[in-house]
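I opened this notebook to record what I looked up on charged side chains. The entries follow the model below.

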Amino acid sequence: KAHVAAVIASLPYAEVAETLTADLAGPKDLPLFLAGGTDDNSVAALERYSIGNLPRLGPDDAALYMFSSGSTGIPKVVPMGMANFLHAIAVNVEALSLTPRDCCLHFSPPASVMGMTTVLYSLMAGAEVVACPGLLPSDLWHWTKRFAPTWLTGTPAIHHAILHSAAGNEEAQQTARDARIRFLRTASAPMSPALWD
């Protein structure tokens, strides 16, 4: 059980969040905070509260709950303990050799495990994250020129779309040759040998 204490939503989703809050609350009062709002229930108002009284989490306390689609069995909730979560992030930061000089071009959905961990790896390394509004592969070349990323991550389908957008596009190919990208990361599905090459 997640023990939800509040709901935070962006202003355009206020109506949906109000419905969700009512469903989650049951007999108790569950506050809703709106990012972009201006009243007492805005995120700006929430930020005025001290976080000093929050309980300290132990190494076995759940840091997050991941939801498996069931690719290896039935769909399920997978809790990840705080110590395990922090260790997994640290191991990946070390394996990827991330430093504060790195810049991640981030276009994976933040609600996905890959999208969330990509941001966390960068933040733990003190690196820059450029959050892009989704991915149109043709935009990648503009973002690469503008932000000079050192790495990016995506599913094999995303990498395939990027390659396809560069085919026959000399400007994109030159941008790729000039880029300071030192690695591409993939996850979520197997990558074919042809795509790898």
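Predicted model: local features only at pLDDT ≥ 70, side-chain atom pairs only at ≥ 80, totals over all residues.

Which side chain of opposite charge is nearest to Arg 185, and how far away is it? Residues are numbered from 1 along each chain as its sequence is written, and side-chain values use heavy atoms, with hydrogens and water left out.

I found that the nearest is Asp 102, 13 Å away. I placed Arg 185 in strand β8 (residues 183-186); strands are DSSP runs of E, at least two residues, and helices of H or I, at least four.

I then searched the whole structure and noted 3 salt bridges. Arg 182 pairs with Asp 102, the closest N and O atoms being 3.0 Å apart. Arg 182 lies in the loop between α7 (170-178) and β8 and Asp 102 in the loop between α3 and β5, so the pair ties together parts 80 residues apart in sequence. Asp 102 has 4% relative accessibility and therefore counts as buried.

I recorded Glu 171 with Lys 145 at 3.0 Å, N to O. Both Glu 171 and Lys 145 are exposed (over 50%). Arg 177 bridges to Glu 170 at 2.7 Å between the closest N and O atoms.

Technical notes:
Buried < 20%, exposed > 50% of the residue type's maximum accessible area, 1.4 Å probe, protein only. Lys, Arg positive; Asp, Glu negative; His and termini not counted. Salt bridge = Lys/Arg side-chain N within 4 Å of Asp/Glu carboxyl O.
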